[in-house]
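Please find below a colleague's note on the model shown here.

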Amino acid sequence: MNIQIRERPQSAASTGIKTAIADGDIHPARATRDELYPFLAKRWHSHLESFGAHAHQGMMEGPPYPKAQPNAARRDAYPPEGGPQGSSLSFMQKQHLDPNNVVLGVLNPLATGQGLRNHDLAAAICAAVNDWQIEKWTSKDARLKGSVVVANEDGVSAAAEIRKRAGDPNFVQVLLLSRNAEPLGQRRYWPIYEAAQEAGLPVGVHAFGYGGNPITASGWPSYYIEEMVGHSQCQQTVLASLVLEGVFARFPKLKMVMVEAGFGWAPSLAWRLDKVFSKLHAEVPHLERKPSEYIRDHIWWTTQPMEDPESRDHLFQVIEWIGWDKLLFATDYPHWDYDEPSRVLPPGVSDANRQAFYLDNAKKLYGIA
Amino acid sequence: MARHVIAPVDELPPGSRKFLEIDGRPIAVFNVKGEFFGLLNRCPHQGAALCEGPLIGLATSSDPGEIEYTKLGEIIRCPWHGWEFDIRTGQSYCDPRRFRVRAYPVNVEPGTHLVKGPYVAETVRVAVESDYVVVEL
């Protein structure tokens with residue numbers, strides 16, 4: 001049924017975007033399983049081969065839900081030289097960075113040591129992934145910037161890894177995932193925020209991860225589609241925890257980015273927090289401001305997958321609440337739910353807001369001239 | 001509507017597809033169990049090369065719990081977001097009201113009756129006896 005006359009399906013996206021853009025969410029992949037070995041101590045090679053790497057989830061390997069496309073990625077994004085989607089810099093340049101005029105691309109590696117049960121292994125793999133980002137990506141293409149991945153459940157080693165990378169222009173943020181052993185505001189994660197604030201690095205929180213908990217607040221759902229929409233509720237618990245535990249009161253210069261979990265829910269969460277806070281503030285006296293104020297001042301949002309309401313007025317109202325200065329355009333390349341730059345914003349946006357949305361907000365947040 | 005010869009029938013066996021550009025427009029032609037179909041190779045959703053996706057069937061449900069899998073091999077699924085389109089009509093089955101991909105008529109005609117274009121004409125001459133696949137555009 002699916003014989004192809006052409007050798008391999010690949011295409012550059014047709015694009016109507018003329019101006020330079022930043023992409024706040026690009027996923028680099030390893031071409032082979034052992035691509036990290038040069039950056040890992042020998043001890044871990046044999047450990048991985050003998051015991052493997054086990055995540056905080058039930059007795060199974062791989063992601064908890066099936067994906068919509070192979071490797072959750074575009075079928076036209078396989079590099080011509082082989083390997084999974086996102087594993088070739090030259091093909092990423094040809095298919096995405098060049099035609100879409102990307103001048104700043106933030107790398108968010110997902111298959112790292114984050115979520116592994118063995119914390120020493122987690123720290124070693126995270127450090128290796130950080131070295132690998134420099135070696136394979138950021139040193140080869142100045143448009144690309146890395147994210148410092150850290151052993152999320154081990155605040156001490158995570159903070160050490162952040163301090164090691166502080167001031168390194170190859171990195172523009174620290175990366176966490178939304179599913180962790182506990183909500184991200186809990187104090188076991190505070191060393192991460194302390195080190196990130198000290199290094200002047202924003203902390204991104206990307207959807208997914210392995211925390212060992214059911215992926216929705218009411219248990220394990222049946223379908224991948226429920227996992228996809230479940231990211232919003234997971235991120236809401238993350239954000240509420242960050243605010244209510246006093247993370248932003250304690251680390252007033254900390255900036256955080258909500259990545260790939262939507263933003264349409266932000267106003268309603270903030271309204272509800274404020275309403276309840278007005279009655280229960282005595283329970284959380286460490287908060288110096290209303291929850292909504294912390295959210296507006298400390299949180300940035302990547303756009304993909306872009307909210308797509310029937311009425312564009314509704315989209316604009318949400319963005320006005322959040323602020324046009326807080327959105328970071330992102331494609332999620334090469335993943336299957338990629339947003340095409342020329343197609344995400346409906347008509348009716350001022351030139352200044354478009355410029356902020358597509359480029360300036362990211363350059364400012366990440367300190368890129 | 002001009003007619004464009006794109007290949008001898010032999011070159012497009014059942015289960016195969018051919019990508020080409022006609023007047024600057026990316027087109028794909030499919031042979032599905034001996035029937036030919038042509039589509040503009042651009043997804044109306046976000047512009048992906050739609051025809052590089054797999055051909056699948058259509059899962060529908062008349063009642064809860066009753067699933068029918070029909071149109072096997074006649075639904076093209078976009079390689080990006082998985083939008084599904086009927087290869088016969090271009091009709092989208094994700095949101096039938098909003099999206100429709102442009103479908104082009106494809107015929108099989110006897111080789112001797114071809115309209116000879118600059119490139120295709122030569123192909124016509126070497127295989128007079130065979131049938132050719134023609135795209136109207």
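**Notes on the predicted model**

1. Helix 3 of chain A passes helix 4 of chain A in a right-handed crossing. The contact is made by His119(A), Ala123(A), Cys126(A), Ala127(A) and Asn130(A) on the helix 3 side, and by Ser157(A), Glu161(A) and Arg165(A) on the helix 4 side. It should be kept in mind throughout that this is a predicted model.

2. The two helices, of which helix 4 of chain A covers residues 155-165, pack with their axes 10 Å apart and at an angle of about 15 degrees. Helix 3 of chain A is therefore roughly parallel to helix 4 of chain A, since angles under 35 degrees are classed in this way.

3. The largest nonpolar core comprises 124 residues. Ile162(A), Val174(A), Ile192(A), Leu328(A) and Val29(B) are the residues with the most contacts inside this core. Its largest share, eleven residues, is supplied by helix 3 of chain A, which spans residues 119-138. As a general background, nonpolar side chains in soluble globular proteins tend to be buried together.

4. Which residues does Leu328(A) touch, leaving aside those up to four places away in sequence? The contacts are Ala22(A), Gly24(A), Val257(A), Trp300(A), Trp301(A), Thr302(A), Thr303(A), Asn361(A), Ala362(A) and Leu365(A).

5. Helix 1 of chain A lies largely in the open, because the number of buried residues among its ten is one. Gly52(A) follows this helix and has a positive phi, near 80 degrees.

6. Gly82(A) is placed in the loop between helix 1 (42-51) and helix 2 (89-97) of chain A. Is Gly82(A) buried or exposed? Gly82(A) counts as exposed, because it has 11 C-beta neighbours inside 10 Å, and the exposed class takes in residues with 12 or fewer. The C-alpha atom of Gly82(A) is separated by 7.7 Å from that of Ala31(A), although the two residues are 51 residues apart along the chain.

7. In chain B, four strands form an open sheet in the order 2-3-4-8, with antiparallel pairing. Strand 2 (17-22) and strand 8 (103-104) of chain B are the edge strands, each pairing on one side only.

8. Within chain B, strand 3 (residues 25-32) and strand 4 (residues 35-40) pair in the antiparallel sense over six bridges. Val32(B) has Glu35(B), in strand 4 of chain B, as its bridge partner.

Definitions and conventions:
Residues numbered from 1 in each chain as written. Chains lettered and ligands numbered in written order. Predicted model: local features only at pLDDT ≥ 70, side-chain atom pairs only at ≥ 80, totals over all residues. Pairing = 2+ DSSP bridges. Core = buried A, V, L, I, M, F, W, Y, C linked by C-beta atoms within 7 Å. Buried ≥ 20, exposed ≤ 12 C-beta atoms within 10 Å, placed from the backbone. Contact = placed C-beta atoms within 7 Å. Axes fitted to C-alpha atoms, helices over the stretch in contact; angles between N-to-C directions. Parallel < 35°, antiparallel > 145°, perpendicular 65-115°, else oblique. Left-handed = near helix turned anticlockwise from the far one by under 90°.
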